[in-house]
Amino acid sequence: MQWETVIGLEIHAQLSTQSKIFSGSATTFGAEPNTQASLVDLGMPGTLPVLNAEVVRMACKFGLAIDAEIAEKNVFARKNYFYPDLPKGYQTSQMDHPIVGKGHLDITLEDGSTRRIGITRAHLEEDAGKSLHEDFHGMSGIDLNRAGTPLLEIVSEPDIRSAKEAVAYVKAIHALVRYLGICDGNMAEGSLRCDCNVSVRPKGQVEFGTRAEIKNVNSFRFIEKAINHEVQRQIELIEDGGQVVQETRLYDPNKDETRSMRSKEEANDYRYFPCPDLLPVVIEQSFLDEVRASLPELPGQKRERFEREFGLSTYDASVLSASREMADYFEQVNATCGDAKLAANWVMGELSSLLNKEGLDIEQSPVTAEQLGGMILRIKDDTISGKIAKMVFEAMAAGEGSADEIIEKKGLKQVTDSGAIEAMLDEVLAANAEQVEQYRASDEAKRGKMFGFFVGQAMKASKGKANPGQVNQLLKKKLEG
């Protein structure tokens, strides 16, 4: 039997505000446990929450960016459940009246095709604290610093049909919230977390299968692996005569498996009711107009502009616009050197390789955009060859100065004097007289292979400094003569 996978994702994005959603407590990551939790965060009797206006602004930015409906009136509710890291016994969230309604996001797949994924809603809520299980001699510790940190929960339609599509969607959301400046997207620190709702059904069946929810997956790689494992688990279970149970599961990356955590709750299990401490939030059109005017160029718009303005391929434009920092760096390189294709090749090639090797973000690049653009100018004006440029790039990365300084200091300037190149070629041909005779006696096909030998010898003799174009042109003339 052929099976179809159906996936819906719930992404929790921590909003990058200076203070929490309902209190003035700081949201800085990594502070000493329980030093950033106020009486409001702890749910002490007599305290009242006050909504952070910046949270509303950030949620509206996201809603406008995904072409969603923004609720003129949205309401906070209490979601009741009991867990050690939830001191109030309830979470303040939104249920029936979320701030962001239906929208959509277009994703680009590996083959270059695009798909539109529906977004059901995005609602505001407060984060819970964190349970710690290490170094407590068999007991658990509770850190409430995270309690009350503002979250935007982004719920997709069940439109995703594979683990790779799921990763593409999460990457698109990750890029979008970073472009908007509403979330730093640091998955290792829990700033962006994903719950994956996964089910399978026979190919052609309209009804959805029973879904399992994989909670709190915090890396692109683990999202793909967790979904693939869960899909295989469900198919094998059904084909063996069993039934999928609606439940919450955890992904264990060490064992590459999902395991049962608890039965899946329904909304009525949480006994939602409107929060009596918070008034409905009314959003005026003038506020939305102000927010819309503040939106930056979004990833999809930037990708289209890179294709249109710079003549880049869809793939190159997608890679370069994947993050705001990468796009800004590329544009600065291009502004310096005036060659978008060369700039794209170096940013996606040598620079990205260096950053991956060193484990650095592009903002930490040891080679500035101006330095890289300056080096590309020296390639364009034939001061250095592409091969020598790699040596210059390595020296710039090591902090040895600008391209011009390194070229001068190391004597790397390309030889473009035709007379000097011809004299060097005469020496190379004289030293390889036997091969020259073989070349001249060979047919066209064999000559093509042998020509590379002479080019190699010539570049070796010039220590890579001879202009390759001139070497090829002059060498051909001499060998044919």
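E297, K302, R305, E309 and E331 are connected through a network of salt bridges, a salt bridge being a side-chain nitrogen of Lys or Arg within 4 Å of a carboxyl oxygen of Asp or Glu. The structure is a predicted model, in which local features need pLDDT of at least 70 and side-chain atom pairs count only at pLDDT 80 or more, while totals for chains, interfaces and linings use all residues. Residues are numbered from 1 along each chain as its sequence is written, and side-chain values use heavy atoms, with hydrogens and water left out.

Burial was assigned from relative accessible area (buried, under 20%; exposed, over 50%; partly exposed, in between; 1.4 Å probe, protein chains only). E297 is classed as partly exposed because its relative accessibility is 27%. K302, at 6% relative accessibility, therefore counts as buried.

Across the whole structure, the search returned 32 salt bridges. Side chains of opposite charge can pair when their charged atoms come close. Two further pairs involve strand β10. The side chains of R201 and E4 form a salt bridge with an N to O distance of 2.8 Å. This pair links distant parts of the chain, with R201 in strand β10 and E4 in strand β1, 197 residues apart. R201 has a relative accessibility of 8% and so counts as buried. In the second pair, the side chains of K215 and D195 meet in a salt bridge at 3.1 Å, N to O. K215 lies in strand β11 (residues 212-217) and D195 in strand β10, 20 residues apart, and this pair also links distant parts of the chain. Both K215 and D195 are buried.

Strands and helices are DSSP runs numbered from the N terminus (strands, E, at least two residues; helices, H or I, at least four). Strand β1 spans residues 3-14, and twelve of its twelve residues are buried. The strand is covered on both faces: W3, T5, I7, L9, I11 and A13 are buried on one side, and E4, V6, G8, E10, H12 and Q14 are buried on the other.

Strand pairing was assigned where DSSP finds at least two bridges between two strands. Strand β1 runs antiparallel to β10 (residues 192-202), to which eleven bridges join β1. In this pairing, W3 has P202 of β10 as its bridge partner. Strand β1 is also joined by five bridges to strand β9 (residues 150-156), again in antiparallel orientation. The partner of Q14 in β9 is L151.
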